[in-house]
Amino acid sequence: MPTITSQTFKMTETMRCKVFIANVNRYDEQYIAKFLSQSVVGKASKAEDEEAVEEENDKSPKDTKNPQTYSIYGTVDESSNDLPGFVNIIQMDEKRQDYIEKIMECDYIIYNIKDDHAVIDDALWILDQLHNNLESFKTQKIFILISSVLTWSKSSLPDPNDPEMPFTDDDYLRRKAHSNFKEHILAEKSVVQQGKTNKLKLLTYVVACGLTYGEKENVFHHFFKAAWNNEQFLQVPGDGHNIVPTIHLRDLTSILQSVMEMRPVKHYILAKDDSQNTLREIVKAISSSLTTGQIKSISKEESLFCRDITQNTIDQLLVSLRMNANYIKENFQLKWYCETGLIDNIIMITKEYKLSRQLIPIRLCILGPPASGKTTLAKKLCEYYKLEHIHIKRVIDEGITNLKQRVQVAKASQNDPYQTQMINENEHSSADDVEFLEAIQQNMIENNGRLGLEYVTTLFQEKLTSKPCQNQGYIIDGYPKSKKQAAALFSHGGGGVDEEEEGEQEENEEEEEKIKTTTGDIIQSANELFKNKYLPSEKEAGDVTKEPGLLLTQPIPMQLPKGLLPAYVFELQATDCFLRDRIMNMPEYKVHGTHYTESGFWRRLNEYRTNQIGVNPALSPTLNIPGTPCSEHEVEQVGTNSLSPLASASIYENSVRAYFDSKGILQIPLNIMTDESENLEQTFKKLVYFIGPPRNYGLTEEEIEKQRINEEKQRLEFERIEEERLKQEIETAEAERNKRIKEWQEKHEALKKEETDLLNQEAEPLRAYLRKHIMPVLSKGLTECIRKRPDDPLDFLAEYLFFNNPQVD
């Protein structure tokens with residue numbers, strides 16, 4: 001094996017365990033750091049026989065020393081919110097002096113430039129600093145640059161006469177880069193060149209890797225997200241016939257560890273798996289795993305309109321290179337995780353994607369007597385968590401409709417080759433669909449429009465195994481109603497583990513064992529945590545009936561559910577009298593056309609009690625269960641405590657409760673009689689608190705736009721109402737002001753008239769006196785004064801009045 005064997009390089013593994021990774025919060029870097037932090041130092045450089053010997057020694061009880069793993073140091077960018085706990089963060093100061101010194105303390109420096117052009121300058125600057133300080137190094141440093149295979153994108157074929165001949169590591173000198181990756185190829189050349197100066201002090205490597213996949217997904221995340229959100233068609237940029245080099249992140253980490261520990265002579269290494277898959281095949285596999293299995297091609301320009309896709313992503317998806325990583329195959333002893341590529345391991349990759357993003361389906365079943373509010377509560381929970389609302393009538397109607405549509409498409413496509421190919425790829429056979437549809441129609445005719453249990457179970461199982469139910473989850477509303485229905489639905493292919501699932505179950509157990517070994521803790525399921533908290537003595541769940549608000553939020557499961565069984569069964573509980581009174585108080589439009597007639601209600605309620613308990617309540621007087629008809633005394637006794645017989649009545653093996661108990665499904669009774677809110681709002685909030693936050697991507701683009709439009713409408717409506725209110729207030733104030741002014745004017749006019757009348761009344765005797773005694777003589781004196789015009793008219797007038805006074809002789 002070609003490795004450097006100088007004694008200078010033989011250092012103890014404990015001294016060479018510090019790894020610096022730039023931008024450790026990003027996708028590739030975070031998982032490389034995570035996997036390296038779990039990797040044993042020196043494991044990649046050991047032969048298989050040595051590992052076998054160590055494994056045998058590890059089994060010995062004498063050896064209790066934990067193997068040493070890598071210590072991870074790194075920087076984070078400004079967009080980071082959640083910092084990895086397994087990384088020692090290095091902060092960058094303004095002068096960068098402390099930053100450089102801390103990096104130089106590390107044995108391995110890793111930079112990834114394939115997803116971000118901006119990292120190139122920082123990587124080359126750090127490499128220059130390392131190169132300038134070679135003499136100060138007491139130990140050898142290894143600088144690894146993770147680059148992209150797009151630096152090969154424009155390379156000429158190795159053999160023009162054989163277009164299927166792949167590129168190998170030996171062709172790296174002939175590589176030509178994509179127009180957007182020319183800076184990358186210059187960086188690659190610079191890194192390789194600076195590693196030749198003093199190999200005793202500094203080794204440099206370039207690892208050109210394919211498109212990475214695994215865990216939360218990176219370049220392919222757009223397709224996984226669209227498929228998980230149940231889009232009918234996944235859109236493929238271009239025709240999709242380009243061959244995409246790929247590699248799983250775990251395998252890339254193994255290659256990096258091998259480079260770090262084995263220090264190979266070759267300084268440019270290709271890192272990819274053995275697959276030669278086209279983009280179309282990859283997207284098709286993702287679509288088949290998570291949604292309908294259908295894809296369609298779009299142009300590169302159209303794909304750029306997608307919010308999740310960047311120019312860098314498009315460049316990587318459209319690369320077309322047939323490559324073989326011969327060097328790592330011949331010289332590295334790798335334990336491959338996905339050696340054959342993404343398509344061959346799509347089930348494992350899909351599971352890994354769901355678990356890493358915590359997209360665990362929520363599976364619930366809500367049971368309860370008639371008029372208890374099952375459908376109301378189920379609809380609210382489905383809307384909040386974006387789950388499939390499964391009601392028996394809707395399942396039957398949708399199942400028959402889908403069957404008819406598939407039969408019609410099969411008949412119409414007999415002369416259409418493309419449609420025939422689509423049907424052949426479909427999991428349903430057209431002949432089987434026709435036969436099954438005819439059997440359903442015949443069964444409904446024979447049973448007066450009702451469908452037999454066998455066919456209902458088949459339609460129900462088809463619904464539960466649909467991609468939306470497998471991806472997001474479901475809430476079963478009011479079904480199964482009996483143990484026979486539950487056994488038919490969940491036991492045959494739904495609740496147990498068949499032969500096809502045995503291998504997957506073994507893999508799950510191995511993964512769980514690995515997790516326990518890594519963490520050192522025993523992982524408890526949500527049911528176990530609940531039982532330990534509320535059912536310490538293995539009693540029924542009646543202990544929490546009185547206070548469902550005390551239920552703690554359940555942790556998100558660490559494994560995907562198996563089969564079709566729900567995780568929790570919520571049983572709505574109320575006494576017969578309470579349910580009767582609720583129906584009697586319902587508006588007529590809600591009761592009209594339903595089963596809530598007097599005879600229908602009591603019949604359905606008795607069937608529910610019988611199925612839940614496993615025996616007819618009327619035939620079992622020992623069970624103190626409120627029944628019909630209820631007496632006044634019973635009404636007085638109705639309370640929270642009267643529910644305890646119902647909560648602990650699963651003592652008969654024929655009950656629905658007994659079936660779920662046998663399957664280990666947690667059943668939680670909920671007393672709806674204490675919920676006085678409208679539409680069971682209090683119960684809904686308690687269940688949301690118990691289940692936890694939604695396990696999805698949040699709102700889609702269409703929902704965000706719809707929400708924005710609704711918010712804009714609400715804002716405009718609020719502004720209109722506010723404007724009308726202000727206008728009304730102004731008009732009211734103006735009217736009040738005018739009214740007050742008018743009243744003041746009326747009062748002022750009335751007061752003025754009153755004063756005038758009073759003055760006139762008081763002045764009337766004076767005028768009469770003057771007219772009688774003064775005016776006759778005065779008027780004559782004035783007339784005479786005017787006629788004679790004396791020099792002193794006042795004196796003339798005074799004398800005239802004196803001489804002509806009729807009262808003076």
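**Helix packing, cores and a parallel sheet**

Student: How are α4 and α5 oriented to each other?
Tutor: α4 and α5 are roughly parallel to each other (angles under 35 degrees count as such). The model is predicted: local features need pLDDT of at least 70 and side-chain atom pairs pLDDT 80 or more, whereas totals for chains, interfaces and linings use all residues. Residues are numbered from 1 along each chain as its sequence is written, and side-chain values use heavy atoms, without hydrogens and water.

Student: What are the angle and the axis separation?
Tutor: Helix α4 (residues 119-132) packs against helix α5 (residues 182-194) at about 10°, and their axes are 11 Å apart. Helices are DSSP runs of H or I with at least four residues, and strands are E runs of at least two; axes are fitted to C-alpha atoms, with angles from 0 to 180 degrees between N-to-C directions.

Student: Which residues meet there?
Tutor: From α4, I120, L124, L127, D128 and H131 meet E183, H184, A187, S190, V191 and Q194 of α5 (contact means heavy atoms within 4.5 Å). These residues divide into 5 nonpolar, 4 polar and 2 charged; Asp, Glu, Lys and Arg count as charged, Ala, Val, Leu, Ile, Met, Phe, Trp, Tyr, Cys and Pro as nonpolar, and the others as polar.

Student: Turning to the largest nonpolar core, which members touch the most others?
Tutor: Y111, F143, F220 and I286 do, in a core of 102 residues. Such a core is a set of buried Ala, Val, Leu, Ile, Met, Phe, Trp, Tyr and Cys residues joined through side-chain atoms within 4.5 Å (buried means under 20% relative accessible area with a 1.4 Å probe, protein chains only). Beyond neighbours within four places in sequence, I286 contacts F223, F224, A227, L234, T291, L342 and I346. A second, separate core has 31 residues, including V395, L451, L564 and I665.

Student: And the open sheet, what is its strand order?
Tutor: Its 5 strands run β13-β14-β12-β15-β16, with parallel pairing (at least two DSSP bridges make a pair). β13 (388-391) and β16 (666-671) are at the edges with a single partner strand each, so one side of each has no neighbour in the sheet. The twist averages 20° from one strand to the next.

Student: How many bridges join β14 to β12?
Tutor: 5 bridges link β12 (residues 362-367) with β14 (residues 473-477); I362 partners G473, and R363 partners Y474. On the β13 side, 4 bridges join the parallel strands β13 and β14, with H389 partnering I475.

Student: Is β14 buried or exposed?
Tutor: 5 of its 5 residues are buried. G473, I475 and D477 lie on one side, and Y474 and I476 on the other, with both faces covered.

Definitions and conventions: Angles under 35 degrees count as roughly parallel, over 145 as roughly antiparallel, 65 to 115 as roughly perpendicular and the rest as oblique. Buried means under 20% relative accessible area, exposed over 50%, partly exposed in between (1.4 Å probe, protein chains only).
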